[in-house]
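Please keep the sequence and the model in view while reading.

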Amino acid sequence: KRVKDILLFQTRLKDIEEKTGLFERTLNKVLISEGGKEGKILSLDYNKFNSKYIPKEHRKVIKDIFVQLARNAIWHGIEKPEERKKKGKDPQGTIYIALEKDNEGNITYSFKDDGNGIDVEKLASIAKQKGLIKEGANFDISEAIKLIFNPGFSTAEENSLGAGRGIGLPFIKTRVSAMKGKIKIKTQKGKYCEYIIILPTGVKEEIKA
């Protein structure tokens, strides 16, 4: 079975390399290799994304952010095939990426997974355990989104491989802010989670010491 998995992995990578650019290949390798370690099957839908339209000043930032979001989807979002089947979903999870330029010179990047979405109740429970919110406090989706950008907050088990990466969404928010950009989240529990990143063109990343 191990040999079969390796051959399947190599076949999928070869197919990807023949049809996509370097950016898409990098993201695909993360989904296939790290998703496989978690027993998850993932594919990348890039029909609305063309990396040749990414400005030079955005390339490293967007690559780093998308790779981190892919890992986040693997550890927190996409369910295992058996769980997806029980929910009536395709056993294979899908990541959708998109890119669009507006008339004001901004570029909107979208990263969406068709996994669990943000579970407000679960986040509220963890936040109470960590002492981040009080019992009876109002906690809705907007509060949940604020919380997941809080440095050090994680829904993963402390000893998991994903939790060991340590940077997660606060890292993404910092990178977006350094580019004078904005980040928004759209989500539906059990359905999807979408990150929308808006970056102005002609702005270099400003890392604060």
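In which loop is Lys180 found? Lys180 is found in the loop between helix 7 (168–178) and strand 4 (182–188), where helices (H or I, at least four residues) and strands (E, at least two) are DSSP runs, numbered from the N terminus. Although Lys180 is not a glycine, it has a positive phi of about 60 degrees. In general, most residues other than glycine have a negative phi.

## Basis of the model

This is a predicted model, in which local features need pLDDT of at least 70 and side-chain atom pairs count only at pLDDT 80 or more, whereas totals for chains, interfaces and linings use all residues. Residues are numbered from 1 along each chain as its sequence is written, and side-chain values use heavy atoms, with hydrogens and water left out.

## Overall make-up

The chain holds seven helices and five strands, and read along the sequence these follow the pattern α-α-β-α-α-β-β-α-α-α-β-β. Of its 209 residues, 43% count as buried, which is to say under 20% relative accessible area, with exposed meaning over 50% and partly exposed in between (1.4 Å probe, protein chains only). Among contacts (heavy atoms within 4.5 Å) with a separation of 6 or more, 67% are accounted for by residues 24 or more positions apart.

## The largest nonpolar core

A nonpolar core is a set of buried Ala, Val, Leu, Ile, Met, Phe, Trp, Tyr and Cys residues joined through side-chain atoms within 4.5 Å. The largest such core has 46 residues, of which Phe66, Leu69, Tyr109 and Phe111 touch the most other members. Helix 3 (residues 56–77) gives the most to this core, with ten residues. Leaving aside neighbours within four places in sequence, Phe66 is in contact with Phe23, Leu27, Phe49, Ile97, Tyr109, Ser110, Phe111 and Ile197.

## Two helix pairs

Helix 2 (residues 22–37) and helix 3 pack at an angle of about 20 degrees, with their axes 10 Å apart; axes are lines fitted to C-alpha atoms, for helices over the stretch in contact, and angles run from 0 to 180 degrees between N-to-C directions. Helix 2 and helix 3 are therefore roughly parallel to each other, given that angles under 35 degrees count as roughly parallel, over 145 as roughly antiparallel, 65 to 115 as roughly perpendicular and the rest as oblique. The residues of the contact of helix 2 with helix 3 divide into ten nonpolar, two polar and four charged (Ala, Val, Leu, Ile, Met, Phe, Trp, Tyr, Cys and Pro count as nonpolar, Asp, Glu, Lys and Arg as charged, and the others, Gly among them, as polar).

Helix 5 (residues 120–129) and helix 6 (residues 141–148) pack at an angle of about 55 degrees, with their axes 10 Å apart, and are therefore oblique to each other. The contact is made by Val120, Leu123 and Ala127 of helix 5 and Ile141, Ala144, Leu147 and Ile148 of helix 6. By class, the contact of helix 5 with helix 6 has seven nonpolar, no polar and no charged residues.

## Two buried residues

Ile172 lies in helix 7 and, at 0% relative accessibility, counts as buried. Beyond neighbours within four places in sequence, Ile172 is in contact with Ile65, Gln68, Leu69 and Ile183.

Pro81, placed in helix 4 (residues 81–86), is buried with a relative accessible area of 11%. Pro81 and Pro91 are ten residues apart in sequence and 4.2 Å apart in space, C-alpha to C-alpha.
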